[in-house]
Amino acid sequence: MSQSVQIKNALISVYYKDNLEPIILELNRLGVEIYSTGGTETFIRNLGVNVVPVEDLTSYPSILGGRVKTLHPKVFGGILARRSFDGDGQQLAQYEIPEIDLVIVDLYPFEETVKSGAAEEDVIEKIDIGGISLIRAAAKNFKDVVIVASKNDYGTLEEILKTQGGATKLDQRRSFAQKAFNISSHYDSAIFQYFNQEEPLPVFKQSIQNSQVLRYGENPHQGGVFYGNLDAMFTKLHGKELSYNNLVDVDAAVALIDEFTEPTVAILKHTNACGIASRSFIKEAWVDALACDPVSAFGGVIIANDEIDAETATEISKIFYEVLIAPAYTDEAVQILQSKKNRIILVRQPVALPTKQFKTLLNGVIEQDKDAVIEGPTQMTPVTNRKPTEHELHDLFFANKVVKHTKSNTIVFAKNGQLMASGVGQTSRVDSLRQAVIKAHSFGFDLNGAVMASDAFFPFPDCAELAAEAGITAILQPGGSINDKLSVEVCNEKNISMVTTGVRHFKH
């Protein structure tokens, strides 16, 4: 059932007038009466099109510095009147209110004003009242009224006007209403977030307008969508679209690499680092990162915090990887990397990242602050007779950064700014430690003189004993177990230094 409605009267009042001209001219050609206000009225008149000021309809001028222009029964009555209700029609006739069949309204740029750092009084003035009310009213009465609430829909409206002679179908009006309510709800969410900062109410509201349908979710039988603006975060130089799993790994890679300032390369698999190294030059960092675990690196996500040059690109191209991320590439490096068909090459842009994390859980949503702290040498408290050397402190800091971004329970071995092995996501610290020892030895690493970091405290001396057997000379752990002294005693006996940070970095 199409329920066609002919547009006879239109109300147009917009902040952005881009691409509005063709619609005005088409409405004029169709003989539609146009009502308008302020700058939009002037814009229409300058096109040589007759326009009726809203003040002539309401018999009231724009007042309070423009805060009140359209808020009047003669405007909202014409929008909200139900054409199929005889009583509504009789009241329109009684009060000489024209039916308004088309409303084209957008909203003051509230979010843009907030982002600009404007003063609060300027932000408050960008809270639209009349516009949001007109949008909601017209969208509510979609059975009889067309609402266009964004310049992004001007093209669709223009096509309808031209091909349907100024008539609209019910499904078209419903579609416009759906978009309008999306705009109004997003706008209200942005305003709420602005007010909900100093003493936030315990409610969960998020509204993200950009989205990208993914090939599938975590597995092929699952659907997937990314909500956000990937184009603002990355410039894609080459390759297919990012998948759900790619995005999860890329997120983990970005979080990890941001811990490092010296030239560093990390290789991640299933969100965990299987290789990472910091060096004076990015090629050296790549070579040593790959040496950590060249088997797991196959099909991984690679991220660097420095420009990729041709020499480094040549080395990286020797293995298969899914995604490569860097802040810049030389032209020659891009040519080398693009020779591999499906590999995704991304340039990371400097975009501010959210400070909150959330995910669906049970019948609700769980939210937390991002883990934004990391303990360096000055936050490491020695608890053993032997104190760590400066070199060991540097390696402990490196290892602690990796621990922070590795699934619990985790044990990380590091030496000379290089990951040697890690035990990841095990149900006990001992299993993680044994796993790390096996991996280190399997790739030919000598753990003598290496350091060890853990995300969990040591309630038993077993980890200290196993670390000593492996050749570890310094250990970092959060501390806080009532039995810390047992591990400290083992470390003193084996001449190992141990430091505690007082902060744990669980990652589930």
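I take helices as DSSP runs of H or I with at least four residues, numbered from the N terminus. On that basis I placed E21 in helix α1, residues 21–29. The model is a predicted one.

**Entry 1: E21.** I looked up the accessibility of E21 and found a relative accessible area of 39%. Because buried means under 20% and exposed over 50%, E21 is classed as partly exposed. I then took the C-alpha to C-alpha distance from E21 to I302: the two are 49 Å apart in space and 281 residues apart in sequence.

**Entry 2: the open sheet.** I traced an open sheet of 5 strands with parallel pairing, in the order β4-β3-β2-β5-β6. Its edge strands are β4 (52–53) and β6 (146–148), each of which pairs on one side only. Within this sheet I examined β2 (residues 9–13) and β5 (residues 102–105), which run parallel and are joined by 4 bridges. For S13, I recorded V105 as the bridge partner in β5.

**Entry 3: a hairpin.** I next inspected strands β16 (residues 356–361) and β17 (residues 364–369), which pair in the antiparallel sense over 6 bridges. Q357 stands opposite Q368 of β17. The two strands form a hairpin with 2 residues between them, and I noted a positive phi of about 50 degrees at L362 in the turn.

**Entry 4: salt bridges.** My count of salt bridges is 21. I followed one network, which links K8, R83, E99 and D101. E99 bridges to K8, with 3.3 Å between the closest N and O atoms. This pair connects distant parts of the chain: E99 sits in the loop between α5 (86–94) and β5, K8 in the loop between β1 (5–6) and β2, 91 residues apart. E99 also meets R83 in a salt bridge at 3.5 Å, N to O. R83 belongs to the loop between α4 (73–80) and α5, 16 residues from E99. I found E99 partly exposed at 26%, K8 partly exposed at 40% and R83 partly exposed at 24%.

I then checked E259 and K404, whose side chains meet in a salt bridge at 2.7 Å, N to O. E259 is in the loop between α12 (244–257) and β11 (264–269) and K404 in helix α16 (residues 390–404), so the pair ties together parts 145 residues apart in sequence. I recorded both E259 and K404 as buried.

**Entry 5: a charged patch.** Finally, I located a surface patch of negative charge in which E120, E121, D122, E198 and E199 gather. I assigned E120 to helix α7, residues 120–125. E120 counts as exposed because its relative accessibility is 51%, where the cut-off is over 50%.

Note on methods
Residues numbered from 1 in each chain as written. Predicted model: local features only at pLDDT ≥ 70, side-chain atom pairs only at ≥ 80, totals over all residues. Heavy atoms only, no water. Patch = residues over 30% accessible without salt bridge, like charges linked within 9 Å, V, L, I, M, F, W, Y side chains within 5 Å. Areas by Shrake-Rupley, 256 points an atom, 1.4 Å probe, with all protein chains shown as cover. Salt bridge = Lys/Arg side-chain N within 4 Å of Asp/Glu carboxyl O. Lys, Arg positive; Asp, Glu negative; His and termini not counted. Charge placed at Lys NZ, Arg CZ, Asp CG, Glu CD. Buried < 20%, exposed > 50% of the residue type's maximum accessible area, 1.4 Å probe, protein only. Pairing = 2+ DSSP bridges.
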